[in-house]
Amino acid sequence: RDFPVTDGSRSNGSWDAFVAVVGAGGSLQFASYVDKDSEEADDIARDIAVDQAGNILVLSAAEVVKLAPDGTLLFAETLFGEGGGYGIHAADGDVYAVGDAGGGRSRVVKLDGTGIILYSAEFEGVGYDLTVDDEGHAFVAGGSGVVRLGPGGALLGSTSLPGEAYGIAVHDGHIYIAGRIRTGDLSATPGAFDPSQDAAGDAYLAVLDGESSVLYASYLGGSSEDVAHDLAVDPEGCAYLTGLTRSPDFPTTVGAFDSTLGGAGDIFLARLCPSGWGARDLAYATLLGGADPSTPPYLMPDRGFAVALDGHCHAYLTGESGSADFPATTAGGATGFSDAVLVELFLDADADGWGQGCDCDDGDATSYPGAVEICDDRDNNCDGQKDESVCGEPTDADCDGVNDCTSDLCLGTVGDDLL
């Protein structure tokens, strides 16, 4: 009951859903309990989204809540059965949510910006997360794989995957899924990072095309239990996955923040590129956690639940930690049984402000989106061209068959290449 709310809202039970806005550097700008006027005994927030206007959409076990950027309640709708909601997504001013419909079924609901229901569709099985493409098709990840819905909510089909699918994203017409496999065979594709499953269960990444054929499938984990809870995809098509590992041999990379497992389990963050190059597909992987309460009865590992990327490919992950020695930068470790954590990780080898997946050359600080193009045989501004002239296109002003870095063509003159 001492959660650091900024609006004076009160706790209603032993468990409360909350929303917090954290600024640059980790400063707390706003924090509130979600059910401000509810007498609900217990609630928990399971997902969050932000629309184009900056409004905050929270999906709790009890309801879908929309808050203005300053925290003002805009609407709250109860849409799901006893199991509550699981995933939420904002697109083009509308809200999509998936949750329990009762009787072993799930429900996808689309709302407009005022909370009016535009459609409600149900399907068999559990839905944990959803995303929407540019045409309004909804894709739901769940216990049986992926379910596809049309723009009006019609069921278009489904693709079965072994294990549980917890996170889903759409990129460049492809569907990315992350989850866990304890039994069954993922059927790893040729060139997968890890083609073999460990007995305790592994996290996985699967990529499907628009027709739901598997393009890439790989395990990710070590000798003990591993599970991916969420993923985000960068502009290069690489997936950032986060979740829980209990494996002391989880595959971390050179330069990892932490490669040593602590306590009962740690958060992991991995950048896995579905390129089919085997071990080279894992561009980055690190552990994150502390010693946590690892003795009975409190076997409480550190766990990552969600990850997102900003426009510069900064990775932001959220989760929970019971570790008093969690490597926090703005406060100490966990002060209660467990605390929520927010972590920003920035994979920026050349320190130019652009991370892996957004920077076309992360080994060259002069190359990044929006940089000034100079005559150095490099793509400085990451537009896919080298040494384009001030005209905006590569030029061959002296007609020697080579596009040279020159402004001769713009000036209407022909002469030697300016190198």
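A few ground rules come first. Residues are numbered from 1 along each chain as its sequence is written, and side-chain values use heavy atoms, with hydrogens and water left out. As the model is a predicted one, local features need pLDDT of at least 70 and side-chain atom pairs count only at pLDDT 80 or more, while totals for chains, interfaces and linings use all residues.

The structure has 3 disulfides, a disulfide being a pair of cysteine sulfur atoms within 2.5 Å. One of them is formed by Cys238 and Cys273, with the sulfur atoms 2.0 Å apart. The torsion about this S-S bond is about 105°, so the disulfide between Cys238 and Cys273 is right-handed. It links distant parts of the chain, 35 residues apart: Cys238 sits in the loop between strand 19 (226–233) and strand 20 (239–245), and Cys273 in the loop between strand 21 (266–272) and strand 22 (282–288). Strands here (E, at least two residues) and helices (H or I, at least four) are DSSP runs, numbered from the N terminus. Cys238 and Cys273 are both buried. Buried stands for under 20% relative accessible area, exposed for over 50%, and partly exposed for anything in between (1.4 Å probe, protein chains only).

Cys313 and Cys358 make up another disulfide, and their sulfur atoms are 2.1 Å apart. With a torsion of about 75° about the S-S bond, the Cys313 and Cys358 disulfide is right-handed. Cys313 and Cys358 are buried.

A disulfide also joins Cys360 to Cys382, at 2.0 Å from S to S. Cys360 and Cys382 each lie in the loop between strand 25 and helix 1, so the pair ties together parts that are 22 residues apart in sequence. The torsion about the S-S bond of Cys360 and Cys382 is about -75°, which means that this disulfide is left-handed. As for cover, Cys360 counts as partly exposed at 40% relative accessibility, and Cys382 is partly exposed as well, with a relative accessible area of 23%.

Next comes strand 17 (residues 202–208), which is mostly covered: 7 of its 7 residues are buried. In a regular strand the side chains alternate between the two faces of the sheet. Both faces of strand 17 are covered, with Asp202, Tyr204, Ala206 and Leu208 buried on one side and Ala203, Leu205 and Val207 buried on the other.

Strand 17 also has partners, where pairing takes at least two DSSP bridges between two strands. It runs antiparallel to strand 16 (residues 174–181), joined by 7 bridges, and Leu208 in strand 17 stands opposite Ile175. Strand 18 (residues 214–220) pairs with strand 17 in the antiparallel sense over 6 bridges, and there the bridge partner of Leu208 is Val214. Strands 17 and 18 form a hairpin with 5 residues between them, and Ser212 in the turn has a positive phi of about 75°.

Finally, the surface. Leu28 lies in strand 2 (residues 28–33) and, at 41% relative accessibility, counts as partly exposed.
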